[in-house]
Amino acid sequence: MDGGIKTYSVLVVEDDPENLKFLKTLLSRYFNVLVCRSEKEFFSSAISNRFDLILMDISLSGEKSGLKLIKSLREIPIFKTIPIICLSAHIAESDKMEALEAGANYYLRKPVENKILIDTIFNLIEQNYKRI
């Protein structure tokens, strides 16, 4: 986990400016990072860019929550296998189950240790490429 060559791309979907700034700064050490602040930006980025993983806040403001965005993505064939990590301040087990049922691969609660977040991202991307 030394940073090294950035071979993977991560799409971060987060509407809180401070969280987004932190995640972009942290993840940019290891990955090519695309960011989205809204549902509208999300669909534009999802269609026009290639990425290896989505890091999704489930409490987005706007018409669609992060969970609804995940459900929408999972209905599109080319996005069925892209790993999705939900990152949320929600601590109830039911929130985690709802995220997994929506199509997320993993659920992390905020605040999460940096190493755990980075390791989880790498592991899910590498597992996905082994399956393909």
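**Close-up views of a predicted model**

**View 1. Tyr8, Tyr30, Phe31, Phe122 and Tyr129 form one aromatic cluster.** The model is predicted, so local features need pLDDT of at least 70 and side-chain atom pairs count only at pLDDT 80 or more, while totals for chains, interfaces and linings use all residues. Residues are numbered from 1 along each chain as its sequence is written, and side-chain values use heavy atoms, with hydrogens and water left out. The structure holds five aromatic pairs; rings of Phe, Tyr and Trp (its six-membered ring) pair if their centres lie within 6.5 Å, and planes under 30 degrees apart count as stacked, over 60 as edge-to-face and the rest as tilted.

**View 2. Tyr8 and Phe122 form an edge-to-face aromatic pair.** The ring centres are 6.3 Å apart, with 65 degrees between the planes. This pair links distant parts of the chain: Tyr8 is in the segment before strand S1 (9–13) and Phe122 is in helix H5, 114 residues apart. Helices (H or I, at least four residues) and strands (E, at least two) are DSSP runs, numbered from the N terminus. Tyr8 is buried, with a relative accessible area of 18%; buried means under 20% relative accessible area, exposed over 50%, and partly exposed in between (1.4 Å probe, protein chains only).

**View 3. Tyr8 and Tyr129 form a stacked aromatic pair.** Tyr8, in the segment before S1, and Tyr129, in helix H5, are 121 residues apart, and their pair links distant parts of the chain. Tyr129 is partly exposed, with a relative accessible area of 34%.

**View 4. Five strands form an open sheet with parallel pairing.** The order is S2-S1-S3-S4-S5, where two strands pair if DSSP finds at least two bridges between them. Strands S2 (32–36) and S5 (106–109) stand at the edges with a single partner strand each, so one side of each is left without a neighbour in the sheet. S1 and S2 run parallel and are joined by five bridges. Val13 has Cys36 in S2 as its bridge partner.

**View 5. The largest pocket is lined by 13 residues.** A pocket is an open set of points on a 1 Å grid over the protein atoms alone, where a 1.4 Å probe fits, with protein on both sides within 12 Å along at least five of seven lines; lining residues have an atom within 4 Å of a point. Arg50, Phe51, Asp52, Ile78 and Ile82 lie nearest the centre of the largest pocket. Helix H2 (39–48) and helix H5 (114–131) are the elements that give two or more residues to its lining.
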